Amino acid sequence: TTVNGDASTINGRIRCNSGSQITGTLSTINGAITLKETAVTGNLKTINGNITLERRSRIQGDIVISRKPGSDERPKEPLLIKLSGSSVVEGDIINKDDRFEVQVIIADDSKVLGEIKNAEVR
């Protein structure tokens, strides 16, 4: 699959499989993002969704967790960002929502080339 531009959803997940290429930003409000052997030239953005990168997925931009406007409610569970299978985030991982506990799990063969801000690395 090739997406020339941005792709987003409000209450649904985004799943991309082997060979997918996105030349923009992927974003969700209340949905997970799962990428397998996928290349994204833009950012990954979510307000309330876990992110999983598997099997050599590559993000050229940042992963950003944003705050839902008008919400003061604290989430019950941490938001998880998992990298495995030699996946790479070339940019930063940024948690802009101080109400969220964000956990970044990086397998030995994966890496984040930028900074990890306001999140716990496991």
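Tutor: Contact here means heavy atoms within 4.5 Å. Leaving aside residues up to four places away in sequence, Leu-44 touches Leu-26, Ile-33, Leu-35, Ile-51, Leu-53, Ile-59, Asp-62, Ile-63 and Val-64. This is a predicted model, in which local features need pLDDT of at least 70 and side-chain atom pairs count only at pLDDT 80 or more, while totals for chains, interfaces and linings use all residues. Residues are numbered from 1 along each chain as its sequence is written, and side-chain values use heavy atoms, with hydrogens and water left out.

Student: Which residues touch the most other members of the largest nonpolar core?

Tutor: In soluble globular proteins, nonpolar side chains tend to be buried together. A nonpolar core is a set of buried Ala, Val, Leu, Ile, Met, Phe, Trp, Tyr and Cys residues joined through side-chain atoms within 4.5 Å; buried means under 20% relative accessible area, exposed over 50%, and partly exposed in between (1.4 Å probe, protein chains only). The largest such core has 22 residues, of which Leu-26, Leu-35, Leu-44, Leu-53, Ile-63, Ile-81 and Val-89 touch the most other members. Two or more residues each come from strands S3 (14-16), S6, S9, S11 (63-65), S12 and S15. The largest share, three residues, is given by S12. Strands are DSSP runs of E with at least two residues, numbered from the N terminus.

Student: In which sense do S12 and S15 pair?

Tutor: Two strands pair if DSSP finds at least two bridges between them. Strand S12 (residues 79-83) and strand S15 (residues 102-106) pair in the parallel sense, over five bridges. Within this pairing, Ile-81 has Val-104 of S15 as its bridge partner. S15 also runs parallel to strand S18 (residues 120-121), with two bridges joining them. There, Val-104 has Val-121 as its bridge partner.

Student: How many salt bridges does a search of the whole structure find?

Tutor: Side chains of opposite charge can pair when their charged atoms come close. A salt bridge is a side-chain nitrogen of Lys or Arg within 4 Å of a carboxyl oxygen of Asp or Glu. The search finds six. One of them joins the side chains of Glu-37 and Arg-55 at 3.3 Å, N to O. Glu-37 lies in the loop between S6 (33-36) and S7 (39-40), and Arg-55 in the loop between S9 (51-54) and S10 (58-59), so the pair ties together parts that are 18 residues apart in sequence. Glu-37 is partly exposed at 24% relative accessibility, and Arg-55 is partly exposed at 40%. Salt bridges also link Glu-37, Arg-55 and Arg-56 in a network.

Student: Is Asp-92 buried or exposed?

Tutor: Asp-92 is buried, with a relative accessible area of 17%. Asp-92 forms a salt bridge with Lys-117, the closest N and O atoms being 3.7 Å apart. The pair links the loop between S13 and S14 to strand S17 (residues 116-117), 25 residues apart. Lys-117 is partly exposed at 33% relative accessibility.

Definitions and conventions. Helix = DSSP H or I, 4+ residues; strand = E, 2+ residues; numbered from the N terminus.
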